[in-house]
Amino acid sequence: GYLLRDQERSYATPEAIATVLDAIDAVRERHPDTCDIFIGDFSREGGGPLNMHRSHQNGRDVDLGMYAKGNRPLDTFVSMNDENLDVAKTWVLMESLLQSQHIQYIFLDRRIQRLLHQHALTQGVDSSLLEQLFADDRNSPIKHVRGHHDHIHVRFYTPWSTMAARVGEDD
């Protein structure tokens, strides 16, 4: 269900991996025969700075591609708009990520957010919920950040991995 950009930059917490795989499965359940989604970077083995990123240092971040119209497989990030974005599949991906309750925030260009918001309304998603998700304030999980027109940056809550990292032999 996915294509990795670089296996050496694909280390992540179990919570992050499970949430991404569950979201991909949700898309494939609703849209059988869906092509693979392109996945950029998680983190490097052992964590620490990863070039071209301010985050992606501890397995809690991932850059996900989006689904293209025509079930066209992508092997890189592609700038998306209303002409090439498969809004239905990308909304299922986002909806699944958000429903997991493992998401701290999602960075996504405002133009893509509008397309997803409009689609979700047509699917009967409660408008007040959508206003909370897509509100342009600090409390909304989906945030506009420039440069996120070709991928979705996701930051995960990872309570079990965070706790395990603090447990010593005496514990």
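Loops, strands and a helix pair

Reader: Which residues does D82 contact, leaving aside its neighbours within four places in sequence?

Author: Contact means heavy atoms within 4.5 Å. With neighbours within four places in sequence left out, D82 is in contact with K69 and L115. The model is predicted, so local features need pLDDT of at least 70 and side-chain atom pairs count only at pLDDT 80 or more, while totals for chains, interfaces and linings use all residues. Residues are numbered from 1 along each chain as its sequence is written, and side-chain values use heavy atoms, with hydrogens and water left out.

Reader: Where does D82 lie?

Author: Helices (H or I, at least four residues) and strands (E, at least two) are DSSP runs, numbered from the N terminus. D82 lies in the loop between strand 3 and helix 2.

Reader: Is N84 buried or exposed?

Author: Buried means under 20% relative accessible area, exposed over 50%, and partly exposed in between (1.4 Å probe, protein chains only). N84 has a relative accessible area of 16% and is therefore buried. N84 is found in the loop between strand 3 (61-64) and helix 2 (87-99). Not counting residues up to four places away in sequence, N84 touches Y67, A68, K69, V78 and S79.

Reader: Which backbone atoms does the side chain of N84 reach?

Author: A polar contact is a pair of N or O atoms within 3.5 Å; within protein, one must be able to donate a hydrogen and the other to accept it, and residues adjacent in sequence count only if both atoms are side-chain atoms. The N84 side chain reaches the backbone oxygen of S79 at 3.0 Å and the backbone nitrogen of N81 at 2.8 Å.

Reader: Which residues of strand 3 are buried on each side?

Author: In a regular strand the side chains alternate between the two faces of the sheet. Both faces of strand 3 are covered, with D61 and D63 buried on one side and V62 and L64 on the other. Two strands pair if DSSP finds at least two bridges between them. Strand 3 and strand 6 (residues 152-156) run antiparallel and are joined by four bridges; the partner of D63 in strand 6 is H153.

Reader: What surrounds F38?

Author: F38 is found in strand 2 (residues 37-39) and is buried, with a relative accessible area of 4%. Neighbours within four places in sequence aside, the contacts of F38 include L3, L4, L64, L74 and F77.

Reader: At what angle do the axes of helix 2 and helix 3 cross?

Author: Axes are lines fitted to C-alpha atoms, for helices over the stretch in contact, and angles run from 0 to 180 degrees between N-to-C directions. The axes of helix 2 and helix 3 (residues 110-122) come within 10 Å and cross at roughly 90°. The contact is made by V87, A88, T90, W91 and M94 of helix 2 with L115, L116, H119 and A120 of helix 3.
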